[in-house]
Amino acid sequence: MEKGRQWYAIYTAPRAEKRVKERLDSLGIECWLPLHRSPRVWSDRIKIVEMPLYPSYLFVHCSEPDLRSLLKVNGVSKIVYYDGAPAIVRDQEIDAIRKFLSKAAENALCPGDEVEVICGTLKNISGKIQRIKRNYLALFLEQLGATVCVKLDTVKKKSLSL
């Protein structure tokens, strides 16, 4: 780690995280915006979009004097403080978030994936995802010859066995 540089959290204007990141990148400031893929529903379609994991927050790697100058960047609302000083985010915490996002991407569900229901009346029954809507899945259960709607958090992706 370079001397005096730490990870800090800054607060952005609502829904401006990506634009603020672009501005900071163009200034040569090292910053990180953790993104996750999420389905978004419109009246005519569903699209998987990248959304900020922490809405309105951005992590910057800089010295404290440089941090204060970031308040001049359009879209930066304020510096996140803890106990009267800019909140320092430890490298281990940044690494943990990166690992979490990597693991979540590996386990992302898509139409056509085989999943197993892990709780409720359909526990231990397997099915194929037909559609994903917000927090629910349309799941075709071959054993029953039916399509059912189940909550997203009641299924797990079936592991491939060779």
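A residue counts as buried when its relative accessible area is under 20%, as exposed when over 50%, and as partly exposed in between, using a 1.4 Å probe and protein chains only. Isoleucine 97 is buried, with a relative accessible area of 12%. Keep that residue in view; the tour starts there.

First, the ground rules. This is a predicted model, in which local features need pLDDT of at least 70, side-chain atom pairs count only at pLDDT 80 or more, and totals for chains, interfaces and linings use all residues. Residues are numbered from 1 along each chain as its sequence is written, and side-chain values use heavy atoms, with hydrogens and water left out.

Helices (H or I, at least four residues) and strands (E, at least two) are DSSP runs, numbered from the N terminus. Isoleucine 97 belongs to helix H3, residues 91–106. Contact means heavy atoms within 4.5 Å. Setting aside neighbours within four places in sequence, isoleucine 97 is in contact with Trp32, Pro34, Leu53, Tyr54 and Phe59. Take proline 34 from that list. It sits 63 residues from isoleucine 97 along the chain, yet their C-alpha atoms are separated by 7.8 Å.

Three of those partners carry aromatic rings that belong together: ring pairs link Trp32, Tyr54 and Phe59 into a cluster. A pair of aromatic rings is described by the distance of the centres and the angle of the planes. Rings of Phe, Tyr and Trp (its six-membered ring) pair if their centres lie within 6.5 Å; planes under 30 degrees apart count as stacked, over 60 as edge-to-face and the rest as tilted. The whole structure holds 3 aromatic pairs. One of them joins tyrosine 54 and phenylalanine 59, edge-to-face, at 6.1 Å centre to centre with 85 degrees between the planes. Phenylalanine 59 counts as buried because its relative accessible area is 8%. Tyrosine 54 counts as partly exposed, at 35% relative accessibility.

Next, look at the backbone. Most residues other than glycine have a negative phi, and most peptide bonds are trans. Serine 56 has a positive phi of about 75 degrees, although it is not a glycine. Serine 56 sits in the loop between E4 and E5. It is buried, at 8% relative accessibility. Aspartate 83 also has a positive phi, near 55 degrees. Its place is the loop between strand E7 (81–82) and strand E8 (85–86). Aspartate 83 counts as exposed because its relative accessibility is 75%.

Strand E5, residues 57–62, holds histidine 61. This histidine 61 is buried, at 11% relative accessibility. A polar contact is a pair of N or O atoms within 3.5 Å; within protein, one must be able to donate a hydrogen and the other to accept it, and residues adjacent in sequence count only if both atoms are side-chain atoms. The side chains of histidine 61 and arginine 5 make such a contact at 2.8 Å. Arginine 5 lies in the segment before strand E1 (6–12). Its side chain also makes a polar contact with the side chain of glutamate 30, at 2.7 Å. Beyond neighbours within four places in sequence, arginine 5 is in contact with Glu30, His61, Cys62 and Ser63.

Valine 150 is found in strand E13, residues 146–151, and is buried at 8% relative accessible area. Valine 155 lies in strand E14, residues 155–157, and is buried at 10%. Not counting residues up to four places away in sequence, valine 155 touches Val150, Leu137 and Leu139, among others. The C-alpha atoms of valine 150 and leucine 139 are separated by 7.2 Å, with the two residues 11 apart along the chain. By contrast, 45 Å separates the C-alpha atoms of valine 155 and arginine 68.

Last, a pocket. On a 1 Å grid over the protein atoms alone, a pocket is an open set of points where a 1.4 Å probe fits, with protein on both sides within 12 Å along at least five of seven lines; lining residues have an atom within 4 Å of a point. The second largest pocket holds about 200 Å³ of space. Its lining consists of Arg15, Ala16, Glu17, Lys18, Arg19, Glu50, Met51 and Pro52.

Terms used: Points joined across faces, edges and corners; volume = space filled by probe spheres on them.
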